[in-house]
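Here's a quick briefing for anyone opening this one up for the first time. Take a look at the sequence and the fold, then read on.

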Amino acid sequence: MFLRRLAVASSRSRRFLSSNSSHDLARTIAELNKEMESVFGEPPANGPASSPSNDFMPQEPQLAPQEKVESELGLTHIGNKGEAQMVDVSPKESSKRTAISSGKVILGKQVFDLVLANQMAKGDVLSVAKLAGISGAKHTSSLIPLCHNIPLTHVRVDLTLNPKDFSVDIEAEASSTGKTGVEMEAMTAVSVAGLTVYDMCKAASKSIQITDIRLKSKTGGKSGDWSRKE
């Protein structure tokens, strides 16, 4: 039944469009609308029979503007083209900065006992390694290409024999007042001290391991204070 009415309405619409009859134009349109209503039902209040309304006009999907997200995790030593670069710290404000790092040199029982008894052929292992760590912190910018040459106000390097795992525990602290941090200086101090322990003891064993070099905490600078959660 529905298809039959649709066919009738289509037939009448074709006759209206193709014929030149003398029927009144307005009456023909009214009849056609009535026939369409019998097929499809009455149009809505804002439908085609009334004035056009934006409520029934096709709408382009409204996309919310994307918020600009600025990442704070960007690699500052990488330029726009991916090349290595030294960070320009001139716009930064000077502040007091400190950093503490740590590391471990696993000696093994035999070498540990020799160091404890100060019987290594090269001399006092811990004292030499302490001085080497301090010197390493002061020369960080010469060892690591993109580090700034900054004036250090304080460097501390402590080495402690640990009988629990026959190791040397190393802790270093670096301080400065300036526009860039001293994390690398503190970690370089630990690294150079650990390498010196190895050099002093390598004649007794080649199995010595330098391990767990890490930043423990830092203060100052734009990012504020930070400490490692163990």
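Going along the sequence, the elements of the protein come in the order α-α-β-α-α-α-β-β-α-β-β. That gives six helices and five strands. Keep in mind that this is a predicted model.

**Overall build**
- The protein has 230 residues, and 28% of them count as buried.
- Take the contacts between residues at least 6 apart in sequence: 68% of those join residues at least 24 apart.

**The aromatic pair**
- How many aromatic pairs does a search of the whole structure find? The search turns up one.
- Its partners are phenylalanine 112 and phenylalanine 166, with ring centres 5.6 Å apart and 70 degrees between the planes.
- That pair counts as edge-to-face because its angle of 70 degrees is over the 60 degrees set for that class.

**Where the two partners sit**
- Phenylalanine 112 belongs to helix H3, which covers residues 109–116.
- Phenylalanine 166 lies in the loop between strand E2 (154–162) and strand E3 (167–178).
- The two are 54 residues apart, so the pair links distant parts of the chain.

**Buried or exposed?**
- Phenylalanine 112 has a relative accessible area of 4%, so it's buried, as the cut-off is under 20%.
- Phenylalanine 166 comes in at 28% relative accessibility, which makes it partly exposed.

Key. Residues are numbered from 1 along each chain as its sequence is written. This is a predicted model: local features need pLDDT of at least 70, side-chain atom pairs count only at pLDDT 80 or more; totals for chains, interfaces and linings use all residues. Side-chain values use heavy atoms; hydrogens and water are left out. Rings of Phe, Tyr and Trp (its six-membered ring) pair if their centres lie within 6.5 Å; planes under 30 degrees apart count as stacked, over 60 as edge-to-face and the rest as tilted. Helices (H or I, at least four residues) and strands (E, at least two) are DSSP runs, numbered from the N terminus. Buried means under 20% relative accessible area, exposed over 50%, partly exposed in between (1.4 Å probe, protein chains only). Contact means heavy atoms within 4.5 Å.
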